[in-house]
Every structure is written in structure tokens, then in C-alpha cells.
Amino acid sequence: MSGDGPEDDPRSPLDPLLDTPRREGLTGTAPADRYKPVADPELVTTPPDGRPMELQPAWRTDFPVDWPQDHYVERRDFMKFMILTSLAFAVGQAWIAAMSWLRRRRDRHPELRIARIDEVPVGGAIEFAYPEPHDACVLVRPREDLLIAYSQRCTHLSCAVRPQVDRGVFHCPCHEGRFDMETGRPLAGPPRRALSRIVLANRGGAIYAVGVEERTI
Amino acid sequence: MRRPFSRKQRGTILAGMLAFVMLLVVLQLWLLSATMNAYLGGDESVIWPATVASFLCLLLNGGLLRYLYKLDGTR
């Protein structure tokens with residue numbers, strides 16, 4: 001049977017004239033080398049004045065014309081900002097190290113007489129300042145045989161904690177933080193570190209503050 | 001002569017470097033907060049090792065920044 005080619009089949013979508021000379025470039029049947037791009041894909045940036053990038057002012061590299069280059073510049077600037085942040089963190093770390101070194105140099109606490117033992121009632125508290133005049137502390141006597149003192153500075157945001165001897169806790173009114181009275185450890189609220197403990201000494205019936213003990217837990 | 005990186009290649013290299021920088025910066029942030037907590041709690045044993053580690057991270061980041069400038073120069 002003659003005429004069995006695609007041109008005779010009414011269902012065929014192929015144009016029988018695809019291979020016609022001078023139509024190749026229009027129908028997609030031409031060899032691939034006919035479709036070579038006219039410009040290098042790398043050179044998609046065309047500055048407004050049309051001159052090549054080498055002749056453009058330096059600022060144009062930071063203000064690209066096309067989106068792919070703009071994305072590259074964005075990420076590059078973000079990376080520079082992150083490295084600046086890294087520098088800030090390292091400087092902060094050095095600052096902590098310097099503060100630690102300074103603290104160790106002047107880590108000599110004076111002795112301070114707080115009160116006589118019989119001046120502190122059982123279940124009562126006495127406020128005092130140690131080691132500096134602005135460092136508020138509190139001495140409590142929850143039992144007859146127990147005297148303990150802590151810095152009043154809450155380890156969350158430095159609000160003054162208040163003793164609640166009947167409940168056996170120190171209470172921070174700012175954010176409802178609570179510390180155990182006997183150990184100074186945080187029980188509730190945002191604080192995570194224990195209160196600084198004031199080291200006490202009994203000298204001839206009088207209570208002296210002789211040091212500060214800071215703790216992470 | 002070494003062929004310069006294409007725009008797409010530079011983008012990929014930059015994304016890799018950025019991921020590494022982010023990792024180091026997060027590590028430094030963790031070091032800083034942990035060291036501050038230790039310092040406020042009176043524990044000074046971790047301060048100097050953490051400072052050295054943080055500066056090593058900064059050094060690595062500085063090296064990556066240097067390479068970034070080099071990358072920008074080889075178009």
C-alpha cells in the first residue's frame with residue numbers, strides 16, 4: 001500500500017515540510033550549532049552606557065544591573081557582616097577575660113563586722129553591704145543553729161531578693177524568682193544561677209563577713 | 001593559566017563559605033554566653049580556653065574573608 005508515510009496519516013502532528021530548505025531554523029530541525037548563543041552567558045550584565053564592565057566605575061560592582069549578580073552581592077555583603085559579628089564576639093570574649101583578670105587581681109575581700117549573734121533573732125534577717133557599700137546583702141537566721149548570708153542581687157536581672165524565712169526561700173519580686181534559703185540555689189522563675197554566698201566567721205560572738213563565694217549552680 | 005570561576009561557580013563557593021561562617025559565628029555566640037555565665041558564677045577555668053577558641057574562629061573567618069576578596073578579584 002503506497003502512501004503510508006506520516007504525511008498521509010491525518011493524525012500525525014508532524015509538518016511534512018519540516019526538512020524543506022531554509023525552514024530549518026524556524027522549525028527546530030536544524031543542527032544544534034545553529035543555536036549557539038550570540039553572547040557569552042557570563043556577560044549578561046550590560047551597563048546602561050553599554051561599555052564593558054572593565055571600563056565601568058568601581059561602584060558599579062556593588063550596585064549590579066541584573067538580578068543574578070545582585071543576589072551574589074547580597075550574599076557577599078551578608079558574609080562580610082557575619083564576619084564583623086564574629087569580630088564583635090571575639091572582642092566580647094576578650095573583655096570577659098580582661099574583667100576576670102582584673103577581678104582576680106583585686107580579689108581581696110575586707111573583713112566586715114555585721115552584728116553580734118544575739119542581735120539576730122531566730123527567723124529574722126539583717127541587711128548589710130559587702131564588700132562594697134553598694135553591694136546589698138542579707139544575713140538570715142532560719143534556725144537557732146544556722147546563720148547564712150547571701151548577696152541580695154538576683155542572678156537573673158539583679159533585682160533585690162527578699163527573705164521569706166517562714167517559707168525557707170528568697171523571693172525576687174521582679175519576675176517571681178525563688179531561691180532556696182539554705183543553699184541559695186534557684187527553685188523557680190527565670191534565675192539559673194545560685195545567689196552569691198557571703199562567707200561568715202564567728203569571732204568572739206560577733207559575725208564577720210570575710211569573703212564572697214560565687215557559684216554557677 | 002587558571003581559568004576564572006564562572007558566575008554560577010562563584011555563587012556556589014560563596015554559599016558554601018557563608019554556611020561555614022554561620023556555623024563559626026553560632027559557635028562563638030555559644031562560647032560567649034557560656035563564658036559569661038561561668039564568669040558571673042565565679043568559675044574562671046573556662047574563660048581563657050573559650051577566648052582562644054573564639055579567636056581561632058575569628059581567624060578562620062578572616063581567612064575566608066581573604067579568600068572572598070580573592071574570589072572577587074578573579075573574574
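How many residues of chain A are in contact with chain B, and how many of chain B with chain A? Color the two chains separately and look where they meet: 34 residues of chain A are in contact with 41 residues of chain B. Keep in mind that this is a predicted model.

**Stop 1: the interface.** The area buried between chain A and chain B is about 3,600 Å², and carbon and sulfur atoms give 64% of that. Now select A:Tyr72, A:Met79 and A:Gln93, which supply 20% of the area that chain A buries against chain B, more than any other three residues.

**Stop 2: charges across the interface.** Between chain A and chain B there are three salt bridges. On the side of chain A that touches chain B, you will find 15 nonpolar, nine polar and 10 charged residues. Select A:Arg103 and B:Glu44 to see a salt bridge, with the closest N and O atoms 3.1 Å apart.

Stop 3: Is A:Arg103 buried or exposed? A:Arg103 is buried, because its relative accessible area is 16%, under the 20% cut-off. A:Glu214, at 32%, is partly exposed.

**Stop 4: a network.** Finally, select A:Asp62, A:Arg76, A:Asp77 and B:Asp72, which are linked in a network of salt bridges.

Methods. Residues numbered from 1 in each chain as written. Chains lettered and ligands numbered in written order. Predicted model: local features only at pLDDT ≥ 70, side-chain atom pairs only at ≥ 80, totals over all residues. Heavy atoms only, no water. Contact = heavy atoms within 4.5 Å. Buried area = accessible area lost by both parts, 1.4 Å probe. Salt bridge = Lys/Arg side-chain N within 4 Å of Asp/Glu carboxyl O. Nonpolar A, V, L, I, M, F, W, Y, C, P; charged D, E, K, R; others polar. Buried < 20%, exposed > 50% of the residue type's maximum accessible area, 1.4 Å probe, protein only.
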